[in-house]
Amino acid sequence: MSDTTPAYYGADAVGPFLTWPLVNEAVESALKAVVKSSPALTAQPRRTFTPIGSQSVQDQGLLLTMPAFVGNYETSSRGGSSTLACKLVTSFSGNAQRQPPLPSILAHVLVFSHQTGQLAAIMEATDLTTRRTVAASLVSTKYLYFRRFGPDAEVTRPITVAIVGCGVQGQMHALAFCQSFRVRKLLCNNRSRAKAEELAKLIGLEVGGQAVEVCESSREACHEADVICVATFAKEPLIHSQDLKPSGGVHINAVGAGEIHFSEVAPSVYRRSKVYVDCYANAEAELVGLPAPITAEVGEVILSKDYPKEQDITVFQSMGMASEDACVAQAVLDAISAGKDKDE
Ligand SMILES: NC(=O)C1=CN([C@@H]2O[C@H](COP(=O)(O)OP(=O)(O)OC[C@H]3O[C@@H](n4cnc5c(N)ncnc54)[C@H](OP(=O)(O)O)[C@@H]3O)[C@@H](O)[C@H]2O)C=CC1
Ligand SMILES: O=C([O-])C1=[NH+]CCC1
């Protein structure tokens with residue numbers, strides 16, 4: 001009998017492959033694949049949430065199981081590709097306060113052969129989760145914000161970015177936005193000021209070239225921002241309508257979640273905004289009570305090129321999708337295999 005032991009790839013083995021070109025391409029493929037009119041075949045059943053503890057779900061912890069099959073999607077390296085995977089991810093918002101601190105979000109992805117069902121690999125996916133979530137914001141910002149100003153705006157147009165919540169997600173959003181777009185000013189706000197200061201220092205060291213300010217309030221951070229990324233566990237709104245640039249033309253990546261996904265952004269903002277999601281099917285289950293209609297899935301906008309108008313306020317309501325994890329994990333596995341083939 002052949003050896004059916006799955007390969008294990010720890011964080012150190014996965015890390016070098018999580019480049020922005022690889023992750024962005026895989027996430028864009030997933031966003032397009034879930035759209036009904038897409039030529040890809042996607043099965044992404046509802047993820048399950050197992051609460052741990054009997055009180056507030058967010059304070060106690062959660063285990064999510066996230067399965068997906070994405071068949072026949074386009075990749076630049078392999079042409080058509082397929083992937084079958086299931087991510088297991090926990091969310092323990094108190095982990096950052098532990099001594100030593102632990103990430104709030106911890107994950108592994110199981111990747112299967114889509115031909116035989118055999119478990120091919122188990123991959124540490126904590127950083128993968130952070131990066132694919134940031135990639136969903138990058139891709140959404142490209143199509144929902146920049147493309148309203150023309151085909152090259154993501155390269156030519158300078159922007160001011162606000163980061164509200166400077167934890168793991170906020171830090172990675174700040175770094176990636178500064179590295180990917182022409183950020184002239186970065187405004188950072190965090191509940192505890194120390195983390196915003198840490199982030200400002202990090203950006204100075206790693207990127208440079210833009211003004212960085214630490215702001216006392218989310219209002220101060222948002223008032224001149226073109227693009228806002230909010231990633232916290234806040235149960236109460238942090239971003240209000242009167243905090244936004246009066247001229248409009250603002251895009252918000254709403255990444256985090258309190259007890260409900262859309263608790264970080266006030267209803268007054270949603271009511272003025274065009275709201276986009278990663279996936280309708282997940283939105284139906286997880287965005288019950290969203291105070292505005294959903295305009296489209298991000299993948300629909302990419303495929304149709306039906307971009308928002310210059311002065312629109314747009315919200316990308318990010319939930320995170322299993323197909324994003326599956327496409328990124330598959331791309332990492334393919335890259336690892338290609339490296340092994342080259343060595344042989
Ligand atoms: N959409 C998606 O695909 C994904 C979403 N997420 C979500 O992103 C969010 C951030 O995750 P992550 O960065 O890993 O977590 P971290 O614990 O690293 O950071 C959380 C940040 O939120 C701040 N915060 C926590 N509670 C509040 C509050 N009540 N009001 C204001 N600020 C608060 C913390 O501030 P302080 O320093 O003061 O504690 C901290 O800076 C979470 O909601 C998580 O579920 C995560 C992965 C994927
Ligand atoms: O999609 C994801 O992995 C998560 N969304 C919220 C917590 C983790």
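For this tour, Ala, Val, Leu, Ile, Met, Phe, Trp, Tyr, Cys and Pro count as nonpolar, Asp, Glu, Lys and Arg as charged, and the others, Gly among them, as polar. This is a predicted model, in which local features need pLDDT of at least 70 and side-chain atom pairs count only at pLDDT 80 or more, while totals for chains, interfaces and linings use all residues. Residues are numbered from 1 along each chain as its sequence is written, and chains are lettered from A and ligands numbered from 1 in the order in which they are written.

**Stop 1: ligand 1**

Select ligand 1 and show its surroundings. The shell holds 26 residues, and the closest are Gly-167, Gln-169, Arg-191, Gly-256 and Gly-320; a residue is near a molecule if its C-beta atom, placed from the backbone, lies within 6 Å of it. Helix 4 and helix 6 (168-180) are the elements that give two or more residues to this shell, and helix 6 gives the most, with three residues. Helices (H or I, at least four residues) and strands (E, at least two) are DSSP runs, numbered from the N terminus. By class, the shell around ligand 1 has ten nonpolar, 14 polar and two charged residues.

**Stop 2: the two domains**

Now colour domain 1 (7-129 + 322-343) and domain 2 (133-317) separately; these bounds come from an automatic or database domain assignment. Their C-alpha centres lie 23 Å apart. The contact between them takes 21 residues from domain 1 and 22 residues from domain 2, where contact requires C-beta atoms, placed from the backbone, within 7 Å. On the domain 1 side, helix 2 (20-33) and helix 3 (57-60) are the elements that give two or more residues, and helix 2 gives the most, with seven residues. Look back at ligand 1, too: its shell draws at least three residues from each domain.

**Stop 3: ligand 2**

Which residues surround ligand 2? Select Val-89, Ser-91, Ile-105, Thr-129, Ala-257 and Gly-320 to see them. Three are nonpolar, three polar and none charged.

**Stop 4: a run of paired strands**

Val-89 leads on to the next selection. Its bridge partner in strand 6 is Ala-107. Strand 5 and strand 6 (residues 105-112) are antiparallel, paired over eight bridges; strands pair if DSSP finds at least two bridges between them. Strands 4 and 5 form a hairpin with three residues between them, and here Pro-67 has Cys-86 as its bridge partner.

**Stop 5: the nonpolar core**

The largest nonpolar core has 98 residues, and Val-27, Val-161, Ile-163, Cys-188, Ile-228, Val-230 and Ala-329 have the most contacts inside it. Such a core is a set of buried Ala, Val, Leu, Ile, Met, Phe, Trp, Tyr and Cys residues joined through C-beta atoms within 7 Å. A residue is buried if 20 or more other C-beta atoms lie within 10 Å of its own, exposed if 12 or fewer, and partly exposed in between, with C-beta atoms placed from the backbone.

**Stop 6: strand 12**

Finish with Ile-228, which stands opposite Ile-252 in strand 12. Strand 11 (residues 227-230) and strand 12 are parallel, with four bridges. On strand 12, Val-250, Ile-252 and Ala-254 point one way and His-251 and Asn-253 the other way. Why is strand 12 (residues 250-254) largely enclosed by the rest of the structure? Because five of its five residues are buried.

Methods:
Two residues are in contact if their C-beta atoms, placed from the backbone, lie within 7 Å.
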